[in-house]
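User: I would like to learn how to read packing and side-chain pairs in a model. Please take one feature at a time.

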Amino acid sequence: MTLTLQTLPRLNSPTVHQLPNGLTIIAEQMPIEAVNLSLWVNVGSSIESDPINGMAHFLEHMVFKGTQRLISGEFERQIEERGAVTNAATSQDYTQYYITTAPKDFAALAPLQIDVVLNASIPDDAFERERLVVLEEIRRSDDNPRRRTFQRAMETAFDQLPYRRPVLGPFEVISQLKPQEMRDFHAKWYQLQSITAVAVGNLPVDELIQIVADGFTEATSTKQPADSDRLPTINPESAFTQIVRQEFVDNSLQQARLVMVWRVPGLSQMDHTYALDVLAAILGQGRTSRLVRELREERGLVSSISASNMTQRLQGTFYISAQLPAENLATVEAAIAQHIHTFQTDLVAESEIARVRTQVANRFVFGNETPSDRAGLYGYYHSMLGDLEPAFNYPASIQSLEPIDIQAAAKQYLSPNAYGVVVLKPE
C-alpha cells in the first residue's frame, strides 16, 4: 500500500509505503546530491528492565561489529571508501541508525546498513572489547556536571517511569551483561514491525523504495523470525502535589546548579504540548526571554538559565535549569516560581507569542534543508506516533495559539507551589 500525504505544505511531499511484512518505508526525492537512509527502531532504554538497563545503547555499539555477511569493520570500510558517513544514537524511546551517501552509491551501501542493523552477530570477543568502550563512556558521563545534574533531575521528576534511569545504564549493570542476553534482546525487539526506514535524496521515489525494500528482503532471507513484544503499557505519573526537594554536594562544581521540573503531557497527548512549548520559549529561550532578561541580564543572579518542554513518548518534563552562585539559590528559585505564577494570572503579550511563532516557522524551514534533516523529521514522528501529519502541522498549531491558551496550560500543568527541585552545589 502506498499513501502520499495530500494535506502537507509544498515544502514536504513524502510517500509512505507499508509492506506486508510490517515494515514502513518513507521516501522523498530531494534535489540535493545526497541520499540519507535512516532506520528508526522503536527500542530505547524505556523498554528495558532494571537488570539490563543500558542494553539498547550497548547494542547500538555492537550492531557495527559484523554479521554473517560482513566481518567486523567491513561496513565502515565500504562507507569510508565511498566518502559516505554513518552514525547512530540511542534515546529513551528509540534507536536511530543512518548513512548519507552519494546517489550513485546508495544502491550498494543501503543493503549493508540494513544487514548490520537486522543481522548483528554480537560475537563474544567483540562484546567484551566494546563493553570497555561503553564503560568508559559511562565514566565520562558521570564526570560531566551537566549530565550528572540532568540525571539527578530525572530521578526526581519520575518515581516509576523508566525515564528516571540513564540511557547508558549503570556501570555495575553493564559490567554484568552477557552476550547471549544481548542476542536475545536484539532478536526480540529488532523486528520489521518495529522499524521505520526513511530514504530522502536525489533518486526517484520508486527507486528509493525498491532499493530499501530489496535490502530488507535480502537481510531477512536467512533470519529466523522471533517472538516480539509490544511496547509496555505504562501510565503517566500524577503531577506533583508539593515541592519535592533533593540537594547534593558536588565539590567538582565551581557554581551551583538548580533544576526545577514539572510532569507534563507526552507525545501521547501532543495537542496539550504546543502551549507548553511556547511557554518554555517565552520563559527561558533566548536573550529576550523573561528569565534570561531578568535573572541574568538585569539582576546578575545567574550565569546561565534556560527552560524547555521535553516531550517523551509516555510523559513530558517541563525543565528549568540554572547555573549560579550558591548564595543566590533561594532568591532564584523564588523568582522562577513567581514567573510561573504570573503566567497563571496575566495574559502574555502578543509580541512575545509573535517572537515564538517566527522562530518556529523559521526553524521548520531551516530543519528541512538537507536529506538528513527531512529523514530525521519523518523518522522521529512516524516512529514515535505512527503518523507524519503532526510534524507538518506543528508550525500551524503554534501559529493558532492565543494568550488565553498559554495561560490555561500554565494553570493546568505548572504550579508555583508543587514541583521537583534539584540543587547541586560545592561544599
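Analyst: Helix 15 (residues 403-413) has the buried residues Pro403, Ile406, Gln407, Ala409, Ala410 and Tyr413. Buried means under 20% relative accessible area, exposed over 50% and partly exposed in between, with a 1.4 Å probe and protein chains only. Helices (H or I, at least four residues) and strands (E, at least two) are DSSP runs numbered from the N terminus. This is a predicted model, in which local features need pLDDT of at least 70 and side-chain atom pairs count only at pLDDT 80 or more, while totals for chains, interfaces and linings use all residues. Residues are numbered from 1 along each chain as its sequence is written, and side-chain values use heavy atoms, with hydrogens and water left out.

User: Within what arc do the buried residues of helix 15 fall, seen down its axis?

Analyst: The arc is taken from the directions from the helix axis to the C-beta atoms. For helix 15 the buried residues fall within 160 degrees, so they line one face. Ile404, Lys411 and Gln412 are exposed on the face turned away from that buried side.

User: What covers the buried residues of helix 15?

Analyst: The cover includes strand 9 (256-264), helix 9 (274-284), helix 11 (329-345) and helix 12 (350-366). It is judged by contact, meaning heavy atoms within 4.5 Å.

User: How confident is the predictor, and where is the pLDDT below 50?

Analyst: pLDDT is the predictor's confidence in each residue, from 0 to 100. The protein chain averages 93, and 95% of the residues score at least 70. Residues 1-9 are below 50, and this stretch has 17 contacts in the model beyond near neighbours in sequence. Where pLDDT is low, the predicted coordinates should not be read in detail.

User: How many aromatic pairs are there, and how is one described?

Analyst: A pair of aromatic rings is described by the distance of the centres and the angle of the planes. Rings of Phe, Tyr and Trp (its six-membered ring) pair if their centres lie within 6.5 Å; planes under 30 degrees apart count as stacked, over 60 as edge-to-face and the rest as tilted. The whole structure has 14 such pairs. In one of them, Phe150 and Tyr319 are tilted, at 5.8 Å centre to centre and 45 degrees between the planes. Phe150 belongs to helix 5 (residues 145-157) and Tyr319 to strand 11 (residues 316-324), so the pair ties together parts 169 residues apart in sequence. Phe150 is partly exposed at 29% relative accessible area, whereas Tyr319 is buried at 9%. Elsewhere, Trp40, Tyr94, Tyr380 and Tyr381 form one aromatic cluster.

User: Which ring lies under the charged end of Arg263?

Analyst: A charge sits over a ring if NZ of Lys or CZ of Arg is within 6 Å of the ring centre and within 35 degrees of the ring normal. Arg263 sits over Phe240, 4.0 Å from the ring centre. Arg290 sits over Phe343 at 4.5 Å.

User: How many salt bridges does the structure hold?

Analyst: Side chains of opposite charge can pair when their charged atoms come close. A salt bridge is a side-chain nitrogen of Lys or Arg within 4 Å of a carboxyl oxygen of Asp or Glu. The structure holds 22. One of them joins Arg148 to Asp250, with the closest N and O atoms 2.8 Å apart. Arg148 lies in helix 5 and Asp250 in the loop between strand 8 (244-249) and strand 9, so this pair ties together parts 102 residues apart in sequence. Asp250 is buried, at 10% relative accessibility.
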